[in-house]
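Good morning, and thank you for coming. Please look at the sequence and the structure that I am about to show.

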Amino acid sequence: MGGYLLVDFIGREERAVLGTARRSLRSAIAVAGVLSALAAGAAGTAAGAEFGVTKWEAGTCTSSECTEGTPSLYYTQAAGHPPFGITDFRFETEKALLLEKPVGHVEDVRVDLPPGLAVDPEAVPACSEAQIEQYACPPDTQVGVDEAVGAAGGLAVKQSFPAYNVQRRYGESARVGIEVHGGLVSTRKLESIIYLHGSLSWHQEAEAAGGETRGVATGDYHEYFRILKVPQEPELIESRLVFWGVPYEYNGHLEGTDKAFITMPSACDGPQVTWLHVDSYEKPGSYLGYPYKTPVGATGCGSLSYQPAIGQEPESSTSDAPDGTQVVLHVPQATEHPQDANSPDLREASVTLPEGMTLNPSAANDLEACSSSQFGIGTDAPIACPARSVIGSVSVNAPGIPDGALTGSVYLGTPESQEPDSGREYRIFVAAEAPAYDIGVRLEGHVHANPQTGSLTTTFSELPAVPFEEFRLQFKGGPAAPLANPLSCGAASTSGAFFSYSAPAGQAPVSAASPFTVLAPACPPPFAVGQSAAASSTKAGSGTSFTLGLTRPEGKQYISSLSTTLPAGMIGQITAVPLCEEAQAAAGKCPAASQIGTASVTAGSGSDPLVLPAGPVYLTGPYDGAPFGMEVLTDAEKVGPFDYGTIVTRAKIQIDPYTARVTVSAALPTVVGGAPVRLRSLSVSIDHPGFMLNPTSCGALATETSLVSTFGATDRVSTPFQASGCEALAFAPKFSVSTGAHHTRRFGAPLTVSVTARPGDANIRSVKVMLPKKIVADTETLKYACPAATFQANSSSCPQQSRVGNAEVSTPALPGVLTGHAYFVSHGGAGFPNLDVVLNGDGVTVILVGDTNIKGRYTHSTFASLPDVPIRSFSLSLPTSSHPALDGYGNFCKSKLRMPVTIVGQNGKSITQRPRIAVAGCKRKSGKHRKFKRRHGARKRRRRGAR
């Protein structure tokens with residue numbers, strides 16, 4: 001960025017006038033007048049010539065005498081500091097005898113240097129404008145000489161004039177003043193100061209009507225200078241400006257304070273081209289352009305030392321906290337050691353932040369983006385980015401301008417993709433300007449975010465080919481900082497990969513790294529999640545809504561997955577809404593009728609996390625092996641300037657086969673669009689009317705959640721729940737039982753039990769029955785009982801002989817009927833096998849465990865822990881078969897068989913009955929027999945009464 005190589009203009013002091021004869025100045029003027037008169041009547045040697053340049057050379061040299069014809073004297077070390085920088089141009093002239101004068105008069109001169117060739121005006125002291133106007137510049141401000149050939153009165157003379165580094169005016173990147181003073185010029189009173197105004201082509205220049213920049217690639221950060229309003233007297237014929245590459249060697253500056261004034265380009269890509277544009281007073285604004293290609297290009301790229309260093313200075317080193325971090329790139333330069341080459345110019349830089357230092361969702365609360373047109377890269381138009389797109393600041397220190405002069409802002413660019421790793425979804429614009437020196441830089445950086453981890457790598461490509469020493473990016477801090485620290489604590493590292501302009505194609509980048517330490521009260525940080533769970537009504541058995549809330553304090557491990565089990569008896573009635581089909585769920589297109597609630601999320605680090613709009617929760621059909629599922633949609637289409645679309649989270653709903661407790665399990669998204677969520681809270685509210693039902697038990701219950709962190713840690717949280725008003729619930733189930741008249745030892749005795757319940761009653765907790773002594777468990781079939789392990793793994797794998805009955809249950813919670821089988825199941829040391837019932841329907845499995853005990857001649861069966869789920873009806877049939885569940889003794893038709901039963905409700909109420917077992921298939925007695933029996937019975941009753 002730094003200084004600017006300028007050019008030669010006027011020449012060296014006159015050593016001889018009209019040959020070697022020494023005459024007085026007055027005589028010389030007289031002779032000149034005579035010669036001018038003679039020329040007036042003589043034919044010119046260039047008659048008919050037009051204004052133009054006949055000689056144009058430019059280069060860096062080891063000798064001030066180098067020309068195009070002496071290529072061996074060119075200095076070629078890439079990024080080195082040449083002893084001399086020379087430009088030499090000569091105009092078309094007319095000659096007559098001993099007289100010579102230019103054809104036309106040059107008005108303006110512009111010289112555009114090759115990209116990468118730089119001058120450092122800060123390398124030497126500056127002469128003030130007042131001093132140079134008095135021809136009194138200090139010697140140590142001199143940076144070269146101008147050897148000029150000019151014509152005065154037709155007499156062409158060569159004279160040398162000093163060139164000084166002059167204090168820059170506002171808007172000038174460099175200024176060199178040439179004292180046109182002394183000798184013939186002073187004698188003719190033609191003294192003047194010729195200023196060379198330096199600039200940096202850091203933006204596209206509009207093509208001037210006269211072609212001032214025709215052929216020049218503007219906006220590539222090359223340096224150029226202009227000389228405006230060149231004096232018409234003396235008439236300029238030739239200017240050979242020789243800059244001193246290390247001025248102290250020639251201007252008497254004290255040794256030890258030497259600095260290089262000129263630096264070579266650092267790319268070894270062949271000869272360089274320097275452009276000259278000139279116009280004339282006769283045709284102002286009509287420029288003639290002349291390119292000059294050096295006979296040799298820069299060499300020695302392979303010998304350059306390139307050791308960039310990267311550093312990171314965090315605003316906060318606290319784990320998981322927003323961080324206004326600062327990233328500093330330092331490229332050591334050798335301008336204070338002219339014998340050494342500079343570091344080559346940086347062409348591409350990629351910086352990777354420490355693992356876990358990622359985008360902070362909280363920043364989206366107050367964030368806008370800047371479009372490419374608003375930023376105006378490649379232009380010097382005023383930046384029109386929104387104030388809320390500023391995410392940081394930048395400062396650049398470079399040779400040629402004072403430290404701290406080149407500063408600006410970092411803007412968030414509008415996304416051009418929704419692929420986080422493309423570098424187009426996350427863009428940053430960097431703009432720094434030094435208006436006092438008309439220097440600016442506008443860059444576009446591409447931030448590549450790893451879609452799985454959120455790791456960030458920022459790349460700047462095709463950087464300006466200009467030297468700099470320090471590039472400092474400071475990102476905003478505070479609660480809305482765009483970056484947040486890693487959650488993990490301990491050592492981390494920022495790394496960089498750098499390509500220079502001197503590196504050949506295919507060469508590996510130069511790497512650098514900077515350590516970074518993350519601090520936390522505990523390492524690793526703990527995993528601790530807060531939970532709240534509340535029902536809108538606690539009334540037993542009533543409809544309710546239910547809200548689950550989870551909070552993760554800042555600095556604690558992130559939630560990766562969760563599994564929440566509702567209180568026993570709190571269920572969802574699947575029949576209340578139509579299920580969202582899998583094809584709809586997979587497309588995120590569940591119908592509104594399937595919605596059962598809403599979910600909301602807050603995310604991000606800091607005291608002001610991002611709040612996302614509440615999204616719908618839908619009930620779906622089977623998902624991930626579970627009978628039902630939930631789909632949660634989170635609207636992330638407007639997260640600041642980013643569009644993450646709709647985030648779809650799927651959950652499975654499992655029903656415990658023994659308790660019917662509902663468990664909802666889900667893996668939570670931890671990285672969305674390359675931005676880690678840093679989840680702070682999650683709230684799910686199930687509030688569809690008539691969907692949720694409270695338990696009918698008023699015992700102490702709980703909502704229990706198991707969680708897993710992204711580190712693999714686990715946590716369990718529990719929130720108590722207790723229903724109220726259970727005593728107000730009625731409890732009046734109906735129980736009936738029947739058997740058949742025909743039973744045999746081979747095929748056993750049948751038995752059918754039925755239970756019906758009224759809507760709104762307390763649900764059944766337990767049923768205890770005792771069979772009459774004429775009906776007992778079949779001891780032979782008990783020998784074939786299914787082992788408990790086999791039964792629990794898969795009841796269908798149980799021996800066929802252990803399947804002894806069929807069952808069916810109807811519940812308002814499910815659309816279908818559950819059907820299944822009854823099994824004798826052996827539990828190791830238990831005295832007798834259980835009679836367990838397995839029911840299936842709508843993807844749900846329910847297992848009813850019936851403990852069996854035989855005392856004396858009575859068989860007892862107890863279903864002690866039935867699920868707190870409403871039923872319409874239940875039936876269990878134990879038929880006769882080759883392996884029956886029951887044996888029968890005696891004639892059932894001649895006995896009054898009763899089966900005592902105790903049924904207890906979930907609210908503690910119970911009923912005890914001795915229902916008579918209906919016997920089907922008994923032979924009906926004849927009419928005569930029934931009539932005799934009635935009469936005989938009446939007489940017996942009368943006799944008893946007479947007594």
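In which loop is E462 found? E462 is found in the loop between β24 (456–460) and β25 (470–475). The names of such elements follow a rule: helices (H or I, at least four residues) and strands (E, at least two) are DSSP runs, numbered from the N terminus.

Before I continue, a word on the source. This is a predicted model, in which local features need pLDDT of at least 70 and side-chain atom pairs count only at pLDDT 80 or more, while totals for chains, interfaces and linings use all residues. Residues are numbered from 1 along each chain as its sequence is written, and side-chain values use heavy atoms, with hydrogens and water left out.

Let us return to the backbone. E462 has a positive phi of about 50° although it is not a glycine. Most residues other than glycine have a negative phi, and most peptide bonds are trans. At 56% relative accessibility, E462 counts as exposed. Here, buried means under 20% relative accessible area, exposed means over 50%, and partly exposed lies in between (1.4 Å probe, protein chains only). K229 also has a positive phi, near 55°, and is a residue other than glycine. K229 sits in the loop between β11 and β12 and counts as exposed, because its relative accessibility is 54%.

In that loop, between β11 (223–227) and β12 (235–244), we also find P234. A cis peptide bond joins E233 and P234, with omega about -10°. Another cis peptide bond joins C523 and P524, and its omega is about 0°. P524 belongs to the loop between β28 (510–518) and β29 (530–535).

I turn now to the disulfides. A disulfide is a pair of cysteine sulfur atoms within 2.5 Å. How many does a search of the whole structure find? The search finds nine disulfides.

One of them joins C61 to C66, with an S to S distance of 1.8 Å. C61 counts as buried because its relative accessibility is 1%, and C66 counts as buried because its value is 3%.

C698 and C726 form a disulfide as well, with their sulfur atoms 1.8 Å apart. C698 lies in the loop between β42 (692–693) and β43 (701–709) and C726 in the loop between β44 (714–721) and β45 (734–740), so this pair ties together parts that are 28 residues apart in sequence. Why is the disulfide of C698 and C726 right-handed? The torsion about its S-S bond is about 95°, and therefore the disulfide is right-handed. C698 is partly exposed, with a relative accessible area of 22%, whereas C726 is buried, at 3%.

The disulfide of C786 and C798 has its sulfur atoms 2.0 Å apart. This pair links distant parts of the chain: C786 is in strand β49 (residues 786–787) and C798 is in the loop between α8 (788–793) and β50 (803–810), twelve residues apart. The link of C786 and C798 is left-handed, with -70° about the S-S bond. Are C786 and C798 buried or exposed? Both are buried.

Next come the salt bridges. A salt bridge is a side-chain nitrogen of Lys or Arg within 4 Å of a carboxyl oxygen of Asp or Glu. A search of the whole structure finds 33 of them.

In one of these, E100 pairs with R90, the closest N and O atoms being 2.8 Å apart. E100 is in strand β4 (residues 99–102) and R90 in strand β2 (residues 84–91), ten residues apart, and the pair links distant parts of the chain. E100 counts as buried, because its relative accessibility is 12%. E100 and R90 also belong to a network of salt bridges, in which they are linked with K55, D88, E147, E238 and R240.

E444 forms a salt bridge with R424, with the closest N and O atoms 3.6 Å apart. E444 lies in strand β23 (residues 439–449) and R424 in the loop between β21 (406–413) and β22 (426–434), so the pair ties together parts that are 20 residues apart in sequence. R424 is partly exposed, with a relative accessible area of 29%.

Finally, D761 forms a salt bridge with R758, the closest N and O atoms being 3.0 Å apart. D761 counts as buried at 10% relative accessibility, while R758 is partly exposed at 44%.
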